[in-house]
Amino acid sequence: MDDLDSAIIEELIANGRLTNQELAARVGLTAAPCLRRVRRLEEAGIIAGYTARINHALLDEGFEVLVFVDLSRNDLPSVEAFESTVLADPAVIEFRRMFGLPDYYIKVRVKDSEAYERWYSALASQHEYISRIDSRITMKLLKAP
């Protein structure tokens, strides 16, 4: 990684739809070396893919909740059962097993608070070894990827 690679990454983070010509012009390269660098960054796994930023509110799924979960049992079958259930849920957009407490961080995206309440009730009823669920609703999003 050098300064040009960093510049390429920053430009692609800002706009992943740039043509190679536009990207090359912005970072001060000609098209061929720019394309070689992008391909090298992709092959190295540094650029893992390209996505679109979606306005979820316009799709009627703009209610996000940060959920922290602690389990009362941390044996392998209990953990695997919990994780497989959460991973299969389409409302879950991010799921992390944490060091320390809480045991899990889950980001859920649904239509509204009523939909979240249904999600919450379903999760709690499916796993008797959940010892605590702590939900946080964002007041204002200040920065996002």
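Predicted model: local features only at pLDDT ≥ 70, side-chain atom pairs only at ≥ 80, totals over all residues.

Guide: Residues are numbered from 1 along each chain as its sequence is written, and side-chain values use heavy atoms, with hydrogens and water left out.

Visitor: How many helices and strands are there in the protein chain?

Guide: Helices (H or I, at least four residues) and strands (E, at least two) are DSSP runs, numbered from the N terminus. The protein chain has five helices and four strands, and from the N terminus their order is α-α-α-β-α-β-β-α-β. The radius of gyration is taken over C-alpha atoms, and the globule rule is 2.2 Å times the number of residues to the power 0.38. For the 145 residues here the rule gives 15 Å, but the radius of gyration is 20 Å, well over that value, so the chain is more spread out than a compact globule. Its C-alpha trace spans about 60 × 35 × 25 Å along the principal axes.

Visitor: Which residues of α4 are buried?

Guide: Buried means under 20% relative accessible area, exposed over 50%, and partly exposed in between (1.4 Å probe, protein chains only). In α4 the buried residues are Ser 78, Val 79, Phe 82, Glu 83 and Val 86. They cover an arc of only 120° around the axis, which puts them on the same side of α4; the arc is that of the directions from the helix axis to the C-beta atoms. An α-helix has 3.6 residues a turn, so residues three or four places apart point the same way. The exposed residues Leu 76, Pro 77 and Leu 87 are on the face of α4 turned away from its buried side.

Visitor: What covers the buried residues of α4?

Guide: Contact means heavy atoms within 4.5 Å. The cover includes the strands β1 (63-71), β2 (92-97), β3 (104-110) and β4 (130-137), together with the helix α5 (113-126).

Visitor: Is Asp 5 buried or exposed?

Guide: Asp 5, which lies in helix α1 (residues 3-14), is buried, with a relative accessible area of 1%. Not counting residues up to four places away in sequence, Asp 5 touches Arg 37, Arg 40 and Leu 41.

Visitor: With which side chain does the side chain of Asp 5 make a polar contact?

Guide: A polar contact is a pair of N or O atoms within 3.5 Å; within protein, one must be able to donate a hydrogen and the other to accept it, and residues adjacent in sequence count only if both atoms are side-chain atoms. Here the partner is the side chain of Arg 37, at 2.9 Å.
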